[in-house]
Each structure stands twice: as C-alpha cells, then as structure tokens.
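Reader: I would like to go through the terms applied to this model and see what each one rests on.

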Amino acid sequence: MEPRTAARKHRQEIWPAFYVLGFFLLMGALFSLLLRKPFNLYVLGLIGLSVMSGFLIYAGAPRKKKDRGRKISLALVGLGLFLGAGIFGRESFQIEGFFFFVLAGVSGGPV
C-alpha cells in the first residue's frame, strides 16, 4: 500500500471518533440547557470521551487486537455510568440493565 493511501485510510478511521465526541458534547450541552442540570454535560461528555478512546484504540491497533478498543470502550462507558450517574449523580439510568446486556453480549455489536 502506498504511504499516501495508508495515511488517507488512517485519517478516515480517526475522524468518526471526533464526530462521536462532538455529538455527545452537543447533546450534553443541549440537555444541560433544557433541563437546567449541568451534570448532564459531564456525564455525556464522559461517555463521549470513552467512546472516542475506543474508536482511537480500534483505529490504531493491529488487526488481531482490534476488539480491545471495543472492550475498553464498553468498560469505560459502564464505569462512567455507574460512578458518574449512579453513585455521584444519584440519577436513575437503569444501570443494571446496561450491565446485563453487556455481560450477555447483546450490545457488543453496535458499540
């Protein structure tokens, strides 16, 4: 593969990570303004950073280790929801259902 083609492919794999982060930050800002709870920006920003890190690890990992990005992203999102929303925020996000689906492997494909 030519160096130009490899660099272009690498850039194409990285941009979706920033789109996902921007989407979560935009939704967090919107919910914070509408609901007058700045905590939503924190939680959704944390989820966006977690998913972005999974995207970047996936893009930079060798072919045999691509699933590590997905697993790390799932662990960070679950931990962020559990600690950020469940314990510190006292929000009800039905976290037990999230962990049930993660452990069952049902949500492994879309995430």
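Reader: Which residues form a nonpolar patch on the surface?

Author: Trp15, Phe18, Tyr19 and Leu56 form the patch, with about 450 Å² of accessible area together. A patch takes residues with over 30% relative accessible area and no salt bridge, nonpolar side chains being joined within 5 Å; a salt bridge is a side-chain nitrogen of Lys or Arg within 4 Å of a carboxyl oxygen of Asp or Glu. Areas come from the Shrake-Rupley method with a 1.4 Å probe. H1 gives three residues, the most. Helices are DSSP runs (H or I, at least four residues) numbered from the N terminus.

The model is predicted: local features need pLDDT of at least 70, side-chain atom pairs count only at pLDDT 80 or more, and totals for chains, interfaces and linings use all residues. Residues are numbered from 1 along each chain as its sequence is written, and side-chain values use heavy atoms, without hydrogens and water.

Reader: Why is Trp15 called partly exposed?

Author: Buried means under 20% relative accessible area, exposed over 50%, and partly exposed in between (1.4 Å probe, protein chains only). Trp15, in helix H1, has 48% and therefore counts as partly exposed.

Reader: Why is Ser50 called buried?

Author: Ser50 has 6% relative accessibility, so Ser50 counts as buried. Ser50 is found in helix H2.

Reader: What makes Arg36 exposed?

Author: Its relative accessible area is 70%, so Arg36 is exposed. Arg36 lies in the loop between helix H1 (3–35) and helix H2 (39–60), and its phi is near 60°, a positive value in a residue other than glycine.

Technical notes. Helices (H or I, at least four residues) and strands (E, at least two) are DSSP runs, numbered from the N terminus. Patches are made of residues with over 30% relative accessible area and no salt bridge: like charges are joined within 9 Å, nonpolar side chains (Val, Leu, Ile, Met, Phe, Trp, Tyr) within 5 Å.
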